[in-house]
Amino acid sequence: QVQLVESGGGLVQAGGSLRLSCVVSGSIFSINVMGWYRQAPGKQRDVVAVITPGGRTNYADSVKGRFTISRDNFKNTVYLQMNSLKPQDTAVYYCHVNILLSSISTPLDYWGQGTQVTVSS
């Protein structure tokens, strides 16, 4: 059973910072890409940032220069440091990972339960 536990969301004023964490646990052979997505009310879920096992990153244009994604492969954890937050960053943030359960298995996608980030103006 694979579990993703997110933490770090909350309420912050515009210009403030938050750091999200997502810990992956369970019987895992390896973790491929890890990432963060977000979904605002009435909108689709969009990618925020992704990171490969080797540390290559990619960001949505709207967060470039403000957000930083990182991962700790020993702790099976992915982080999202969010600085200079804006009201339009308000959304539920979801952790996403692509996992191999064994050396011969097909990669599977898993999602966290979501954590609310609210930025007040």
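**Notes on the model**

1. Asn76 lies in the loop between S7 and S8, where helices (H or I, at least four residues) and strands (E, at least two) are DSSP runs numbered from the N terminus. This is a predicted model, in which local features need pLDDT of at least 70 and side-chain atom pairs count only at pLDDT 80 or more, while totals for chains, interfaces and linings use all residues. Residues are numbered from 1 along each chain as its sequence is written, and side-chain values use heavy atoms, with hydrogens and water left out.

2. Asn76 is not a glycine, yet its phi is positive, at about 50 degrees. Most residues other than glycine have a negative phi. The setting is the hairpin of S7 and S8, which has four residues between the strands. Asn76 is partly exposed, with a relative accessible area of 25%; here buried means under 20% relative accessible area, exposed over 50%, and partly exposed in between, with a 1.4 Å probe and protein chains only.

3. Ser84 also deserves a look, as this residue has a positive phi of about 50 degrees although it is not a glycine. Ser84 sits in the loop between S8 and S9 and is partly exposed, its relative accessible area being 40%.

4. What is the order of the strands in the open sheet of four? The order is S1-S3-S8-S7, with antiparallel pairing, and two strands are said to pair if DSSP finds at least two bridges between them. Strand S1 (3-7) and strand S7 (67-72) stand at the edges with a single partner strand each, so one side of each has no neighbour in the sheet. On average, and with direction ignored, neighbouring strands of this sheet are turned by 15 degrees against each other; the axes behind this value are lines fitted to C-alpha atoms, for helices over the stretch in contact, and angles run from 0 to 180 degrees between N-to-C directions.

5. Within that sheet, strand S3 (residues 18-25) and strand S8 (residues 77-82) are joined in the antiparallel sense by six bridges, with Cys22 opposite Val78 and Leu18 opposite Met82. S7 and S8 likewise run antiparallel and are joined by six bridges, and Arg71 has Val78 as its bridge partner in S8. S8 is mostly covered, five of its six residues being buried.

6. Not counting residues up to four places away in sequence, Met82 touches Gly16, Ser17, Leu18, Leu20, Arg66, Phe67, Tyr93 and Val117, where contact means heavy atoms within 4.5 Å.

7. Is Val97 buried or exposed? Val97, which belongs to strand S9, is buried, with a relative accessible area of 0%. Beyond four places in sequence, its contacts are Leu4, Val24, Ile31, Val33, Met34, Leu108, Asp109 and Tyr110. The C-alpha atoms of Val97 and Tyr110 are 5.4 Å apart, although 13 residues separate the two in sequence.

8. Asn98 is also placed in strand S9 and is buried, with a relative accessible area of 16%. Leaving aside neighbours within four places in sequence, Asn98 is in contact with Ile31, Asn32, Val33, Pro107, Leu108 and Asp109.

9. The largest pocket holds about 210 Å³ of space. On a 1 Å grid over the protein atoms alone, a pocket is an open set of points where a 1.4 Å probe fits, with protein on both sides within 12 Å along at least five of seven lines, and lining residues have an atom within 4 Å of a point; grid points are joined across faces, edges and corners, and the volume is the space filled by probe spheres set on the points. The lining has 13 residues, of which Arg38, Ala40, Lys43, Asp46 and Gln88 lie nearest the centre of the pocket. S4 and S5 each supply at least two lining residues, and the largest share, three residues, comes from S5.
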